[in-house]
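Dear colleague,

I am handing over a structure that will be new to you. Please look through it below before reading the notes that follow.

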Amino acid sequence: MPFDDSGRMEFHDKLSHLKMSVMISRFQFSLFVLFLFSECGLFAQDTPQFNRDIRAILSDRCYTCHGPDSAAREADLRLDDRDIATSNGDTPAIVPGKPAESELLKRVRSNDELIQMPPPDSGKAPLSEKQIILLEAWIKNGAEYDDHWAFISPKQADAPTVQHQDHVRNPIDAFVLKKLEKQGLKQSPQADPRTLIRRVSLDLTGLPPTPAEIDAFLKDQSKNAYEKLVDRLLSSNRYGEHMAKPWLDAARYADTNGYQYDLEREQWVWRDWVIWAFNQNMPFDEFTRQQIAGDLLPNANDLTRLATGFHRNHPITIEGGVIDEEYRTEYVVDRVVTTSTVWMGMTMLCGRCHDHKYDPISQKEFYQLSAFFNRVPERGLNGFDPRRKIESPLQSDRLQEIDKRLAAVKQQLQQVAGAEGLPFAKWESLVKADEQANWDVTVPTEMKSAGGATLTVQDDQSVLASGKNPVTEEYIVDLKADANAISAIRLEAIKDPSTVNGGTGRGSNGNYVMTEFIVETASLEKPGQFDQVAISSAEADYSQKNYEVNKAIDGNIDKSGWAVDGNTITDSRTAVFIMAEPIKNAGEKIIRVKMSFQFGLSHQIARFRLAVTKGEATPLTLAIQKIFETPIEKRSPQQKLQFNDWLLRKYASPEIRQAADAVTVVEKERQTIVNSIPSTMIMAEQTQPRTTHVLYRGEYDQKRDVVDSGVPAALPNLPDGVPNNRLALAEWLVKPDHPLTSRVFVNRVWQRLFGVGIVKTSEDFGSQGDWPSHPELLDWLAVEFVEMNWDIKALQKLIVMSGTYRQSSVVTPEQQANDPENRLLSRGPRRRLDAEVVRDSALLASGLLVEKLGGPSVFPYHPKGLWQEINNRPGLSRTYKQDTGENLYRRSLYTFWKRTVPPPSMATFDAPEREFCVVRRSRTNTPLQAFVMLHDPQFVEAARKLAERMLNNGGTSVDGQIAHGFEIITSRRPNEQELKLLKETYQKRLLQYQQNSADATSLLSVGDSPRDESLDLSQHAAMTSVARLLMNLSEFMTLN
Amino acid sequence: MQPITEHDLAINRRYFFGKSATGIGVAALASLLAKEASGQQKSLATSNGPGYDPGLTGPTHFPPKVKRVIYLCQSGAPSHIDTFDYKPSLEKLDGQELPASVRMGQRLTGMTAGQKSFAVAKSFMPFQQHGQSGQWISDMMPHHGKIADDICIVKSMHTEAINHDPAITFFQTGHQQPGRPSLGSWVSYGLGSESENLPAYAVLLDKNSDTQAQPLYSRLWGSGFLPSNHQGVKLRSVGDPVLYLNDPTNASLDDKRQLLDSLSQLNELRQQEVGDPEIQTRIAAYEMSYRMQMSVPELTDTSDEPESTFDLYGEDAKVPGTHAANCLLARRLSERGVRFVQVYHRGWDHHGGLPTRHPKIAKEVDQGSSALIQDLKQRGLLKDTLVIWGGEFGRTVYKQGSGNNFGRDHHPRCFSIWMAGGGIKGGTSYGETDDFAYNIVDRDTRGVHVHDLNATIMYLLGMNHERLTYRFQGRDYRLTDVHGKVVKGVLS
């Protein structure tokens, strides 16, 4: 039917008449309905369809009380069930074919508050006139119901034939054109090549093309030049990084735990897995299987287990007072909600507390789903386990390489050692004679407590402090040793019942901190003149973290010193102090030992015993001594290794020692790598699975019926022959007949490329979700995706190769007025770039971008004090430690993500907090974004470096230099007017900076990277001003 | 149906335009660009992002009683027993074991669940009556005496959460777990901004002084699933007052103006070429950013305040980041039309040493809070401003630990907050707790749940909390979930 603007006007007039008319012929109805849809700009068919037109109305306005939720149902009426809706009571809600007799219509039209539906106090808006007309037409046509479209497996329709068959590059275009042509509309012409390469580069790699890449594309005259470009982009490592971003949003990935103090976690190895998997082009079904159940696969390995980190990315609490089960329950619920949103576009959360109001999901079914995730051996409080040290798949070559080197040096050592190997037994026999120092316990001749404690010698020759217990203390003890030489002094802190916990310290908590240990000597002739003896090292059998024994010989009598966790561990302790040079002629000297305890809180040793060596032989270290005293057969492998190493160093020939050293160096290197591999949180199954209950109102302690794991009845059954666990769930999600998984993923890919999904509510395919703009296209793509074996790259190639994607995005006023969101696809995509892409593009433009795949998250520029300002509890909170060097310039997906303070410049550009699953970011346009672009040092520095490139690579003319920068930023050449404006800026600024070099310096000193000093200061500053201007162009932040 | 809304609904239904699928085409009263948008309605709606509908359109649901809100959030949770809930009965009960009949098996936090004794501790501070109303207020808060006749003390607040993170998240987003929009962002979404130069929703953090200070989280002023331009904008006491407000190159305003002029011209050229209305919005955003570079320093520079201001707020008000300075700043923001000001103080969590630590925090908070009310009043602003003061829960009547330097654990079953300003019945208290200040005696009739408080705040702003909704994942979400009733008893 012809349709134009006048028709639309007429429609409005008729609509108002319609309200009056009582009897309207079926033909008239069809006519109006046609206009109605056309007016929406989306549909042009003549009879209302339940799924497309009616369900949304009933669902939104009626189902809350007359829908699937049995507990909330009023008057026993269900409008989601045709049988009940048409047979309910004396006055059925719906009398098929008879609108006038249908109670539903009377009610929605009524103005009487007692009769009217939805009721005035329901919070639901009354139906619009349009909606009422639709209902009326639908009832008149027989009120046929359909199952919800998204729960029916998609079928692939043949691509329709269209008038402009020559515009059809692939079936996508046929579906799109069919709809446009019905409305008498056309597609836009193809975008120019520069726009196209910029668009597809940004879409597939998250970075714009360089002028050289643009050049190459323009020059490539081959027919498949564009296809070659697409293939190149898809095979770039940048592709995986770019694809990972929306997946990290969906997976609520972050580098901190969320909640309260929001401390860091190391889950980045999982993030690397995602990048790796996308770059491998892992098919989506496998991608799904591994992330949901990689630990349960028949061929499970570390990599597949790593994938399950997906479901450990949720926030985890460390808040002391929480109730464990309450939080553990939250984690399980989070997994259900996230899985449902990401794979099925289902809003499952409703089912936590009651039957779903709109979709056929009962509360019981929610908990059946939750049972899959309720068998992880985990806790609520500090629930970080299960974890596992797994290497990043992006870094796995590091260990392989080092293992090769290790084998080589080991072989070398073997060769040097000869066929018989190293003579460890012989060496050990030497130890007794050579090395074992004898300890001589020595009783003090004089002793004094500076704090006034009473010191008394005990039966075991130890000294006990009693009586006054001063806040700080110093014990001064004189010894007389019958020895030629003393090479070391041993201090034993002995546990004593007089302390609060029967331990070693007099502190109120049983601990001590010996803040300094000093040895002095005086000759017997001059007993008053003491000289300090240098101590070279100290060793203890136990030291508290941050209170190592060497802090007692650091020369500082401050609060730092040796402590032993005496508040929790009450064992006796030993420390050995080795003199730099043995004390010679010791028998003729007074040895004075000063033990200082300046920590406070009476943290002094309660009872101690001193011993000295009798000769010059230095004692074995405590650890070696302990091994030495252990019979060989009782030594642990670790101890054997340690002891052999020590023997080797002591007795082996220089040649052997050298070869052994080489092994040690490589082993240490290897250990460093191994140590740098964090423990990633992964999924596992309990051996004794927890029982899952329905939780009344979703509360953790309101357990009701026991349920087993299962899937909603409205969806296909679980696959046969698989144990009923997460693996079954994963296999179920990727069953070819699953109606949702493929559609939902395809739709999100579409959303990523076009800005809006075919189903706009990409997070909700349920009955409250939006009707797809192109249902047949969505289904065609969904089936195609499964048939191409879930090949993600191929899917995207298919879409970006379409004529629809390649259209120009120039908007006419008519298009803007009639279809502002471009739902009809009469033009190419246009949208503001995502936060990460904006920053990455600036880094690329400036030449600063450091492209390195994967690894720990990094700390780029950041406003000072931002973390501390919202979270600064001493000992718990963290400060942001800004990186230096290349970590300032990594791609934004590697930026450390703290959930309670997300990276501020990215948050300003709508990046989510990552506290929960997000599959669709908002896209705003605010003054705060202007601040970031204008003032974030990252962008100011990038402008300075871009200016350097303009000056160095843009030729000799200012025009050429500006045009070069313009092309880097926008992928096109400036027109005359633009060039003129930019040049004016340059010249004005040049003059200014020539007159005022301080301004120039100030502009050019932002950022860590060095300035190219070969450039003239004023010129550089003036060009930096131009570069800042370029980076603030709307076009720079826009994909078009 | 709640009696209070019946009448109002009847009136307002005629005016109310829901955000139905048809859309009215009127721009959202969005956070930052509200005034800007009036000429370019479509671009603003688009700027909320594909799929995001504008907020409230048309008149408010009820005639609003206030235009703006200042929320003095006492994070960490002050003890109601030692501040506003006067309990002479505790004199006799002091030192006795809390009877099981009072505790009624209520769940305790992991911190005192293992405690063997639950000895009752009376307020460590005496109370006095103040003002004509004779409200009882602890001597710990002497300056509050001056506003006794202005504030309505709600003694029957209760919540469900027993730990800080979920409890404060519940207060400020209506949900214990992360994910929902904050109160202020709902207000921004519903009503938009009155200011052309400042955001609709500002957040002021204290420089916390207590070593046990509570952490905060961006989600407390975040926009959840609302478009992110509704999130609160932090006004900082250190560094740039608004993130990235200052140009690190120290360029002059003149230079900036020139840059913006050239930028606008270039952007205009592009818009003519490609017809993208979003470019216009961006030009407007840059213009507003320029204005903010002047308006924010002007706002935060209190040197134009007369000495009498500092007499009122105290010398602390000269030190950025103190509660007093933040209260003063809150007043200056309100004067400039900012809809919602969220002020945080976060030193109240005293599990030990409460009798020595509470007074220290009270001293930091008392004068500024009281001065704010007096100041708003003398400027004629109090009548259309709502001020709320309170923590995320109360503290237990029983001691955590023992001796004189005891602590009090978290107590969600009852606690006190106060409200003042337009539409509030000053000089009164609402609700009552039992002799132990442990349970609310009239919980069913006069208990005020978090959702009820939020419903009341919305009501005073002219919004029906049941009708200000946002469609997300198929559901029309509300600040108050499916709960909340307006607390009539606190209304004048």
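How many bridges join strand S5 of chain B to S7(B)? Four bridges join strand S5 (residues 201-204) of chain B to S7(B), and the two strands run parallel. Strands here (E, at least two residues) and helices (H or I, at least four residues) are DSSP runs numbered from the N terminus, and two strands pair if DSSP finds at least two bridges between them.

Before the findings, a note on conventions. This is a predicted model, in which local features need pLDDT of at least 70 and side-chain atom pairs count only at pLDDT 80 or more, whereas totals for chains, interfaces and linings use all residues. Residues are numbered from 1 along each chain as its sequence is written, while chains are lettered from A and ligands numbered from 1 in the order in which they are written.

The two chains

Chain A has 36 helices and 20 strands, and its C-alpha atoms fill a box of roughly 130 × 80 × 60 Å along the principal axes. Of the 1040 residues in chain A, 50% are buried. A residue is called buried if 20 or more other C-beta atoms, placed from the backbone, lie within 10 Å of its own, exposed if 12 or fewer do, and partly exposed in between. Chain B contains 14 helices and 15 strands, and 60% of its 492 residues are buried.

Two residues are in contact if their C-beta atoms, placed from the backbone, lie within 7 Å. In chain A, 71% of the contacts with a separation of 6 or more are between residues 24 or more positions apart. In chain B, 76% of the contacts between residues at least 6 apart in sequence join residues at least 24 apart.

Where the chains meet

Chain A brings 89 residues to the contact between the chains, and chain B brings 80 residues. On the side of chain A that touches chain B, several helices give two or more residues, among them H27 (813-818), H32 (937-953) and H36 (1017-1031) of chain A. The most comes from H31(A), with eight residues. By class, this side of chain A has 34 nonpolar, 32 polar and 23 charged residues; Ala, Val, Leu, Ile, Met, Phe, Trp, Tyr, Cys and Pro count as nonpolar, Asp, Glu, Lys and Arg as charged, and the others, Gly among them, as polar.

Strand S7 of chain B covers residues 340-345; six of its six residues are buried, so the strand is largely enclosed by the rest of the structure. Phe340(B), Gln342(B) and Tyr344(B) point one way from S7(B), while Val341(B), Val343(B) and His345(B) point the other way. Gln342(B) in S7(B) is the bridge partner of Val203(B) and stands opposite Tyr71(B).

Helix H11 of chain B (residues 323-335) has 13 residues and reaches 18 Å from its first C-alpha to its last, close to the 18 Å expected at 1.5 Å a residue; the expected span is 1.5 Å times one less than the number of residues. Of its 13 residues, 11 are buried, so H11(B) is largely enclosed by the rest of the structure. The buried residues include His323(B), Asn326(B) and Arg331(B). Just after H11(B), Gly337(B) takes a positive phi of about 90°.

Nonpolar cores

A nonpolar core is a set of buried Ala, Val, Leu, Ile, Met, Phe, Trp, Tyr and Cys residues joined through C-beta atoms within 7 Å. The largest has 190 residues, and those that touch the most other members include Met1031(A), Val343(B) and Trp418(B). Helix H9 (residues 278-300) of chain B supplies the largest share of this core, nine residues. Leaving aside neighbours within four places in sequence, the contacts of Trp418(B) include Phe84(B), Cys152(B) and Trp389(B).

Strand pairing in chain A

Strand S13 (residues 573-584) of chain A pairs with strand S7 (residues 485-493) of chain A in the antiparallel sense over eight bridges. Arg573(A) in S13(A) is the bridge partner of Ala493(A). Strand S11 (residues 535-540) of chain A also pairs with S13(A) in the antiparallel sense, over five bridges, and Ile535(A) has Met579(A) as its bridge partner.

With kind regards
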